[in-house]
Amino acid sequence: MPRAFSAWAKEKVSNTLPKCFLVDNTDLKSSSSGLRYRKSPSFGETSKSKPASVVHWNSLVYGDLDADGNWLKLQDGQYLPVYSSNGIRVLQPIKAAEETSPVATVTTVTVGCLQVPSHLERQGIDADALIDAGPGAFYQVVAERVALRSGPSLGAPVLGQVPRGGEVELFGWDETRQWRRCVDHRLSRSGWILLDHPELGPMVRPLGEKLCVRPLNVIAVAAAEGRLQDLETFLKNSEELDFWDPRGSALVLAAERGQISSCLRLLHAGATATEADLAMARIAKAEIVTLCQLRPEELEELMNISKVGEDEMQQILRRKHRERDEDVKANSKASNLYEVCYSSVWIRREPHVEAAQVSKRIKGQQLNIEEFDESGEWGRVVFKTSEGMDEGWMLITHPELGALLRPVEDTESVRPAG
């Protein structure tokens, strides 16, 4: 009982004592002599009441942090910033000494250029400790500033701050899927970062993308970033699979970024995408278009192959695409009568997508293909104009939009377009 009361009393006394901090220039690398004292917790008001208005680097200062942990109030009422104006930490907390024996041997360590007792050593951070398996993705801070913390919790110690516009690299998620492992390459530090604050809204968003205020779908994000291990975990452990992200379909987002393996896993889990969806997203990668056309049993076969080798899976997809393409061309050459099956198709002067447009045919119109070019992808047509007969070329199958013209098997229903 006395021992418990002694521990309680020691803790109460410790909590009432001012905290010790090291004025640290290790990360900021400023050419100034130190930090300026402030009249209030604001960068705009410097203090001139002290004979020396600057506290020099590697000095020890004592005080209490404000509620946000951004300012240190000294015992004389002056303030010092914990972080510089661009979010770099300049006051490092010092560990309190722990008395393990009545007489302790004092050893010293070097902190910056200062020799301090080892029990006052700055709390170290392993820059590589939180980088886990899988590719990283660069994000940009969209809030005023965001804290880099030692754990996935608002109560975890702050390791640093990143201001608005700053770039960080994100890796895996925590169990709540609200925090991600993060590396701030400016300071070679790693930790955890909150994706969306319950009151302040979005904190970070993918670099280079239009700002999305709503929280992003973790399945879509993992698929688009190619984090296959996380994606498989989310698909396996989610009670109800949701493939929709505020930015669009998870499958389309992954396809836009060429993530073939992610697309395979999404399709196997039940995600869908039509040719029109892929065409609107301007997805022309043959393997992905072919992948979306496979039957369930073919997807199952590819899933087993992908676990052995991604390269082999892609080779199979390329072969299937060639086979389907050859079938389309063979069917195209078997009949001269074709029908427009897309909303509208241009007739061009030459068999090339950049050739001049001379006329247009709309869905449902039929016409005769006089001959095909060497590639078998363009057909020459003859058509009537107000000035007489003319000719041009029409694309049979578009690499992104799919079939534009299809052969008409019933030759009795000929309705040639004018």
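Reader: Which residues of helix 5 are buried?

Author: A residue is called buried under 20% relative accessible area, exposed over 50%, and partly exposed in between, as computed with a 1.4 Å probe on protein chains only. In helix 5, the buried residues are Ile260, Ser261, Ser262, Cys263, Leu264, Arg265, Leu266 and Leu267. Helix 5 is largely enclosed by the rest of the structure, because 8 of its 10 residues are buried. Please note that this is a predicted model, in which local features need pLDDT of at least 70 and side-chain atom pairs count only at pLDDT 80 or more, whereas totals for chains, interfaces and linings use all residues. Residues are numbered from 1 along each chain as its sequence is written, and side-chain values use heavy atoms, with hydrogens and water left out.

Reader: How many helices and strands are there in the protein chain?

Author: Both are DSSP runs numbered from the N terminus: helices are H or I runs of at least four residues, and strands are E runs of at least two. The protein chain holds 9 helices and 30 strands. Its length is 418 residues, and 43% of them count as buried.

Reader: Is Ser262 buried or exposed?

Author: Ser262, a residue of helix 5 (residues 260-269), is buried, since its relative accessible area is 0%. A contact means heavy atoms within 4.5 Å. Setting aside residues up to four places away in sequence, Ser262 touches Ala222, Ala223, Gly226, Leu228, Leu231 and Ala254.

Reader: At what angle do helix 2 and helix 3 pack?

Author: Such an angle runs from 0 to 180 degrees between N-to-C directions, and the axes are lines fitted to C-alpha atoms, for helices over the stretch in contact. Helix 2 (residues 218-225) packs against helix 3 (residues 228-237) at about 155°, and their axes are 8 Å apart. Helix 2 is therefore roughly antiparallel to helix 3; angles over 145 degrees carry that name, those under 35 are roughly parallel, 65 to 115 roughly perpendicular, and the rest oblique. The crossing of the two helices is left-handed, a term for a near helix turned anticlockwise from the far one by less than a right angle, clockwise being right-handed.

Reader: Which residues meet in helix 2 and helix 3?

Author: From helix 2, Val218, Ile219, Ala222 and Ala223 meet Asp230, Leu231, Phe234 and Leu235 of helix 3. These contact residues divide into 7 nonpolar, no polar and 1 charged. Here Ala, Val, Leu, Ile, Met, Phe, Trp, Tyr, Cys and Pro count as nonpolar, Asp, Glu, Lys and Arg as charged, and the others, Gly among them, as polar.

Reader: Which residues of the largest nonpolar core touch the most other members?

Author: A nonpolar core is a set of buried Ala, Val, Leu, Ile, Met, Phe, Trp, Tyr and Cys residues joined through side-chain atoms within 4.5 Å. The largest one has 51 residues, of which Leu170, Val204, Leu266, Leu291 and Leu302 touch the most other members. Helix 2 gives the most to this core, namely 7 residues. Apart from this core lies another, of 16 residues, including Ile347, Val381, Trp393 and Leu405.

Reader: With which residues is Val61 in contact?

Author: Val61 belongs to strand 4 (residues 60-65) and is buried, at a relative accessible area of 7%. Beyond its neighbours within four places in sequence, Val61 is in contact with Lys19, Cys20, Phe21, Val23, Val55, Leu72, Leu74, Leu80 and Leu91. Val61 and Cys20 are 41 residues apart along the chain, yet their C-alpha atoms are separated by 5.8 Å.

Reader: Where is Lys29 found, and what is its phi?

Author: Most residues other than glycine have a negative phi. Lys29, in the loop between strand 1 (19-23) and strand 2 (34-36), has a positive phi near 55°. This residue counts as exposed, at 66% relative accessibility. Arg177 also is not a glycine and has a positive phi, about 65°. Arg177 is placed in the loop between strand 13 and strand 14 and counts as partly exposed, at 26% relative accessibility.

Reader: Which residues is Gln178 in contact with?

Author: Gln178 lies in the loop between strand 13 (167-173) and strand 14 (179-184). Neighbours within four places in sequence aside, Gln178 is in contact with Ile193, Leu194 and Leu195. The C-alpha atoms of Gln178 and Leu194 are separated by 6.2 Å.
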